[in-house]
Amino acid sequence: MLEIRNLSLSIPVGGEHILAVSDLSISLKAGKVLALVGESGCGKSLTAQSLLRLGEFQGVNKEAGDILLHGQSLFDMSAKALRKVRGGVVSMIFQEPMTALNPVFTIGSQILEVIGLHTDLDKSAAKQRALSLLADVGLQDGETLMQQYPDSLSGGMRQRILIAMAMAGEPEFIIADEPTTALDVSVQKRIIALLRSLQRDKGLGMLLVTHDFGLVAEMADEVAVMYAGEIVEYGSVTDIFDKPSHPYTQALMNCRPETTRDTHELTVIPGNVPSPGSWAQGCRFTERCSRATQACSSSVALDVWADGSHLARCVRVGEP
Ligand SMILES: Nc1ncnc2c1ncn2[C@@H]1O[C@H](COP(=O)(O)OP(=O)(O)OP(=O)(O)O)[C@@H](O)[C@H]1O
Ligand SMILES: [Mg+2]
């Protein structure tokens with residue numbers, strides 16, 4: 001289990017740090033997919049990157065909370081132990097397959113480097129392992145491919161290579177931050193099918209950051225909905241689709257193309273996500289919410305549970 005507990009993160013803005021993720025808790029379970037959804041700028045990538053403590057390379061600070069891998073804090077680990085975790089226990093697949101590969105090294109040398117980090121295989125065994133990883137992600141003629149440079153490959157092929165590299169250390173968890181948005185629609189489908197089959201075959205726990213509710217329905221077991229740096233709703237995929245309880249989740253669901261196709265008009269939520277530093281008092285969604293009352297801007301709805309295991313951070317949950 002990989003767990004974020006009450007995590008608050010701050011980002012550098014004009015010489016000071018301001019809160020961008022606040023009191024956030026989620027957990028990834030072996031073999032299960034947790035989808036993290038929300039509009040642009042809500043803090044999804046900050047949250048995803050925190051699971052490997054990557055944010056600190058960009059000036060992101062942890063203000064409070066903890067991240068536990070099988071009960072052990074990532075913040076108590078030595079640099080060496082953390083390097084073993086990255087790619088060996090928890091792997092990340094980024095949004096941009098164009099920039100995540102180094103243009104000056106061959107595909108082969110980049111895959112072999114990752115294999116070298118996580119295994120003790122000798123040269124020829126490492127090469128066999130690289131070829132078998134490439135075959136696993138549907139890339140034929142690995143011998144030729146390994147001699148090539150990233151520039152000569154399509155976006156879909158590059159994303160397959162990044163997935164192969166993410167699998168090289170046989171991780172237990174995969175963090176996929178919008179893994180297909182940079183790809184053509186036809187390629188997206190194939191990459192998703194690949195990710196899903198790897199996830200199921202290897203029983204991986206997965207955090208899937210996405211805007212795409214079709215993909216959520218297809219892949220996720222649980223869904224966490226994020227708004228302005230916090231989780232506003234968290235439940236099983238059936239809870240979220242059948243009885244979305246937070247007005248923000250309801251509004252997001254109404255924006256799905258499949259629900260608006262017949263009206264010839266794409267519903268959008270009026271207004272914008274408030275940026276870090278300008279969150280409202282009380283519920284942060286108040287000013288955009290069609291159901292807001294006076295109470296919403298003064299009271300903070302903390303941990304209001306719609307039922308058993310389904311969290312909805314809204315004071316109006318349960319009202320008619
Ligand atoms: N390293 C950083 N330094 C300064 N600000 C940052 C940094 N990383 C993120 N931010 C800011 O924090 C907020 C949340 O960013 P984040 O990238 O997590 O959003 P997101 O939900 O992933 O959005 P998107 O859907 O567009 O990818 C944004 O306002 C962003 O500009
Ligand atoms: Mg993002």
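Reader: Let's start with Ser91: is it buried or exposed?

Author: The idea is to compare relative accessibility with a cut-off: under 20% is buried and over 50% is exposed. Ser91 comes out at 3%, so it counts as buried. Bear in mind that this is a predicted model.

Reader: Where does Ser91 sit, and which residues does it touch?

Author: Ser91 belongs to strand β6, residues 90-93. Leaving aside residues up to four places away in sequence, Ser91 touches Leu52, Ala166, Pro171, Phe173, Ile174 and Ile175.

Reader: What does the side chain of Ser91 reach?

Author: The backbone oxygen of Ala166, at 2.7 Å. Ala166 is also one of the residues that Ser91 touches.

Reader: Where are Glu170 and Ala228 found?

Author: Both are in loops. For Glu170, the loop runs between α6 (155-167) and β7 (173-177). For Ala228, the loop runs between β9 (222-227) and β10 (230-236).

Reader: On to ligand 1. How many residues surround it, and which are the closest?

Author: For a ligand, begin with the shell of residues around it. Ligand 1 is surrounded by 15 residues, and the closest are Ser40, Gly41, Lys44, Ser45 and Leu46. By class, that shell has 6 nonpolar, 6 polar and 3 charged residues.

Reader: Which elements supply the shell around ligand 1?

Author: β1 (2-13) and α1 (44-50) each give at least two residues. The largest share comes from α1, with 3 residues.

Reader: Which polar side-chain atoms lie by the oxygen atoms of ligand 1?

Author: Look for N or O pairs within 3.5 Å. A polar side-chain atom of Ser40 is 2.4 Å from an oxygen atom of the ligand. For Lys44, a side-chain N or O atom is 2.7 Å from a ligand oxygen. Glu178 also has a polar side-chain atom 3.4 Å from an oxygen of ligand 1.

Reader: What part of ligand 1 does the protein bury?

Author: Taken alone, ligand 1 exposes 640 Å², and the protein buries 69% of that.

Methods. Residues numbered from 1 in each chain as written. Chains lettered and ligands numbered in written order. Predicted model: local features only at pLDDT ≥ 70, side-chain atom pairs only at ≥ 80, totals over all residues. Heavy atoms only, no water. Near = heavy atom within 4 Å. Polar contact = N/O pair within 3.5 Å; in protein donor to acceptor, adjacent residues only side chain to side chain. Areas by Shrake-Rupley, 256 points an atom, 1.4 Å probe, with all protein chains shown as cover. Helix = DSSP H or I, 4+ residues; strand = E, 2+ residues; numbered from the N terminus. Nonpolar A, V, L, I, M, F, W, Y, C, P; charged D, E, K, R; others polar. Buried < 20%, exposed > 50% of the residue type's maximum accessible area, 1.4 Å probe, protein only. Contact = heavy atoms within 4.5 Å.
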